[in-house]
Number of protein chains: 2
Amino acid sequence: MQNSHPNHPPGAFQLLAQDGAARRGRLFTAHGAVETPIFMPVGTVGSVKAVAPDDLHALGAEIILGNTYHLYLRPGDELVARRGGLHGFTAWNKPFLTDSGGFQAFSLSCLRKISEQGVEFRSHLDGSKHLFTPEKVVQIQRNLNSDIMMVLDECVPYGTPRDYTEKSIKMTTSWALRSLSARSEFPKDTAVNLMFAITQGGFFKDLRRASVEELSRHDFDGFAIGGLSVGEPKDEMYELLEHTAPLLPAGKPRYLMGVGTPRDIVTGIGWGVDMFDCVLPTRNARNGTLYTSLGKLNIKRREYAEDDRPLDPACHCYTCRAFSRAYLRHLFAAREILSFRLNSLHNLTYFLDLARRARAAIEAGTFAELKREIEYLYPEG
Amino acid sequence: MQNSHPNHPPGAFQLLAQDGAARRGRLFTAHGAVETPIFMPVGTVGSVKAVAPDDLHALGAEIILGNTYHLYLRPGDELVARRGGLHGFTAWNKPFLTDSGGFQAFSLSCLRKISEQGVEFRSHLDGSKHLFTPEKVVQIQRNLNSDIMMVLDECVPYGTPRDYTEKSIKMTTSWALRSLSARSEFPKDTAVNLMFAITQGGFFKDLRRASVEELSRHDFDGFAIGGLSVGEPKDEMYELLEHTAPLLPAGKPRYLMGVGTPRDIVTGIGWGVDMFDCVLPTRNARNGTLYTSLGKLNIKRREYAEDDRPLDPACHCYTCRAFSRAYLRHLFAAREILSFRLNSLHNLTYFLDLARRARAAIEAGTFAELKREIEYLYPEG
């Protein structure tokens with residue numbers, strides 16, 4: 001599927017329709033086009049947990065996310081490079097986006113030291129010491145042959161003071177430029193790895209604006225909003241999102257990192273965001289929390305023990321076509337491995353369908369209705 | 001699929017070919033015919049671990065085994081009955097065989113008391129007290145709507161003295177007759193649940209013969225060899241098997257319970273056994289031990305880290321078609337849930353293919369060659 005769109009080089013982004021601030025687009029990558037708005041399932045260590053590539057194709061997944069931190073530690077990016085990158089290694093032949101690994105280096109590692117040079121951290125697996133510099137992180141993602149690489153950034157926690165946040169966005173910008181420069185050294189004929197910058201700025205609107213203004217002067221293929229959904233109250237997140245999304249360059253894809261719930265996603269789309277990723281559908285699947293056209297459902301509950309209806313009567317996934325709530329509850333209660341897969345297939349279908357419905361609604365000019373429906377079904381997000 | 005063969009009522013058994021003592025047959029059940037020799041994947045608690053019904057169809061599974069003990073405790077056989085039995089509950093629409101639950105009541109329960117009445121035991125889940133009588137166990141399997149029910153029996157451990165074994169087979173026979181009588185009370189038009197007796201006799205050839213002679217006087221639909229593969233040396237098991245299998249009625253299916261390795265299976269087939277079940281392919285899959293056309297392979301091993309070949313070049317399963325040993329090793333090392341499924345798909349394919357190859361070899365009169373090949377590939381069993 002390499003370069004399946006000869007007229008559209010990787011990185012080309014078409015805006016196909018607009019409905020208010022919501023955008024319907026198409027992003028070209030070396031492994032095919034991605035229709036936006038899109039939800040990206042998370043394949044942390046090179047597999048979307050409990051789900052195989054043939055499942056993902058059946059669900060209509062278009063792009064999945066790989067975690068640079070995890071893949072760097074195990075099996076190692078050089079080993080992956082020798083297998084033909086992530087596509088060759090995992091047998092997923094559609095686009096991959098990889099994060100920068102910075103977030104995991106901060107959150108999973110007990111010892112970490114941030115300096116202008118980069119992030120020093122200890123592996124959560126064996127305690128070994130490692131250094132992520134912007135250049136190193138680009139090289140790792142290049143080894144993974146990621147279709148969309150993210151630059152190393154610092155994601156500051158909720159409540160970080162203004163002066164630290166101010167210094168932090170300066171460093172994040174300087175790291176982003178070092179990343180661009182590292183990519184420019186790739187041989188031209190194989191340079192098909194897009195690069196997105198990550199805007200930061202904590203919970204200060206003027207710093208958010210400053211971060212976007214500095215980064216958008218440079219030739220990135222897309223722009224992400226980082227540092228949201230880090231523990232802040234929902235209304236504060238939505239306020240920042242409303243403020244920030246419209247500042248991002250209109251001609252490039254916009255990506256809201258690590259977000260979120262169905263309500264977060266329609267809120268983001270409503271303010272012009274194009275791409276989302278989150279572990280929520282797969283992690284919640286393993287906890288028995290399922291997303292349906294009737295709202296959230298906890299399959300653990302006693303009331304489903306003798307419920308012969310499908311999990312979601314409106315859903316077309318294998319789980320909903322073949323099994324009853326009673327059986328799904330039993331599998332969950334018995335801690336059967338099959339429970340993880342069937343629940344994950346369903347939740348991913350829900351999130352991918354939500355993106356599909358958003359695309360159709362934007363084309364039809366009815367996005368506001370879809371947004372209201374989701375807000376009604378998921379009042380708490 | 002109820003009664004898909006109107007000319008062959010459930011229980012009819014055809015012998016289609018013979019090669020030495022090895023038999024090629026066909027057993028009719030209420031949910032379709034089963035081609036023998038056959039390997040039955042084990043679906044302990046109502047799912048073959050990590051594998052869905054659509055996977056099982058793709059692998060060519062013809063019949064699966066459910067554990068009466070587990071299903072009785074959770075979700076409960078009456079709940080399953082209200083869902084349309086195991087077929088309705090699990091969405092597996094081909095035949096089910098269910099064991100009697102006796103083996104698990106003996107092996108999983110800390111407190112158990114065996115008397116002529118039955119087996120009293122405590123649940124391994126919550127310590128609650130239960131009594132399995134022969135009649136109760138038939139009723140449970142009837143609630144599960146099992147295609148092939150097994151009678152309650154006592155499986156004596158390796159090393160049990162002669163006098164205990166002698167008394168035990170008397171009780172097992174009396175339990176079997178009580179089971180037949182319990183089944184005779186089912187309404188005739190719905191009595192499609194076959195019933196197999198289980199011959200015992202420990203490691204005493206004359207007691208094995210006595211058990212078979214007593215049980216084979218009665219109208220069971222098939223006969224099992226129980227109490228093998230319980231810790232004895234391999235050659236002793238094979239000697240007992242060689243002694244016992246030919247004693248079983250020739251016109252009925254013969255089932256070797258809980259066995260075994262590829263070598264055990266071809267050995268059993270060679271002595272005229274028709275049916276096998278074992279957790280080995282699925283349990284070993286989860287431990288990383290994989291069965292291939294080149295012998296056993298432990299996917300954990302460092303030597304596979306950069307091995308881009310398929311797991312088994314001769315295999316047609318999804319795992320072998322889509323992935324490399326390097327990726328499978330990575331999934332196993334990272335303890336990804338997908339590893340369990342992909343390994344299980346492969347191992348089940350190996351065991352089901354072995355049965356398929358045995359059937360073809362018996363038809364062609366070349367079974368001895370297949371047996372030699374497996375003995376060479378799996379010298380230790």
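## A hairpin in chain B

Thr29(B) stands opposite Gly32(B), a residue of β3(B). Strands here are DSSP E runs of at least two residues, helices are H or I runs of at least four, and both are numbered from the N terminus. The strands β2(B) and β3(B), the latter covering residues 32-36, run antiparallel and are joined by five bridges. Two strands pair if DSSP finds at least two bridges between them. A hairpin of two residues links β2(B) to β3(B).

This is a predicted model, in which local features need pLDDT of at least 70, side-chain atom pairs count only at pLDDT 80 or more, and totals for chains, interfaces and linings use all residues. Residues are numbered from 1 along each chain as its sequence is written, while chains are lettered from A and ligands numbered from 1 in the order in which they are written.

## A second hairpin

Strand β9 (residues 118-122) of chain B runs antiparallel to strand β10 (residues 129-132) of chain B, with four bridges between them. Val119(B) has Phe132(B) as its bridge partner in β10(B). Six residues lie between β9(B) and β10(B) in this hairpin. In the turn, Gly127(B) has a positive phi of about 80°.

## How the chains meet

Chain B gives 36 residues to the contact, and chain A gives 36 residues. Several helices of chain B each supply at least two residues of the side that touches chain A, among them α1 (53-59), α13 (325-333) and α14 (337-364). That side of chain B holds 22 nonpolar, five polar and nine charged residues. Ala, Val, Leu, Ile, Met, Phe, Trp, Tyr, Cys and Pro count as nonpolar, Asp, Glu, Lys and Arg as charged, and the others, Gly among them, as polar. Two residues are in contact if their C-beta atoms, placed from the backbone, lie within 7 Å.

A rotation of 180° with 0.0 Å of shift along its axis places chain B on chain A, with an RMSD of 0.0 Å. This is the relation of a two-fold axis. The superposition is by least squares on the C-alpha atoms of residues with pLDDT of at least 70 in both copies. Ile337(B) comes closest to the rotation axis of the residues of chain B, at 3.8 Å (C-alpha). The copies meet through the same surface, because 100% of the interface residues of chain B are also interface residues in chain A.

In helix α15 (residues 367-377) of chain B, the buried residues are Phe367(B), Leu370(B), Lys371(B) and Ile374(B). They span an arc of only 100° around the axis, so they sit on the same side of α15(B). The arc is that of the directions from the helix axis to the C-beta atoms. Buried means 20 or more other C-beta atoms within 10 Å of a residue's own, exposed means 12 or fewer, and partly exposed lies in between, with C-beta atoms placed from the backbone. The face turned away carries the exposed Glu369(B), Arg372(B) and Tyr376(B).

The buried residues of α15(B) pack against β1 (13-19), β2 (22-29), α10 (262-270) and α14 of chain B. Ile374(B) has 23 C-beta neighbours inside 10 Å. Leaving aside neighbours within four places in sequence, Ile374(B) contacts Pro262(B), Arg263(B) and Val266(B).

## A residue of α14

Leu345(B) is in helix α14 of chain B. Leu345(B) is buried, with 25 other C-beta atoms within 10 Å.
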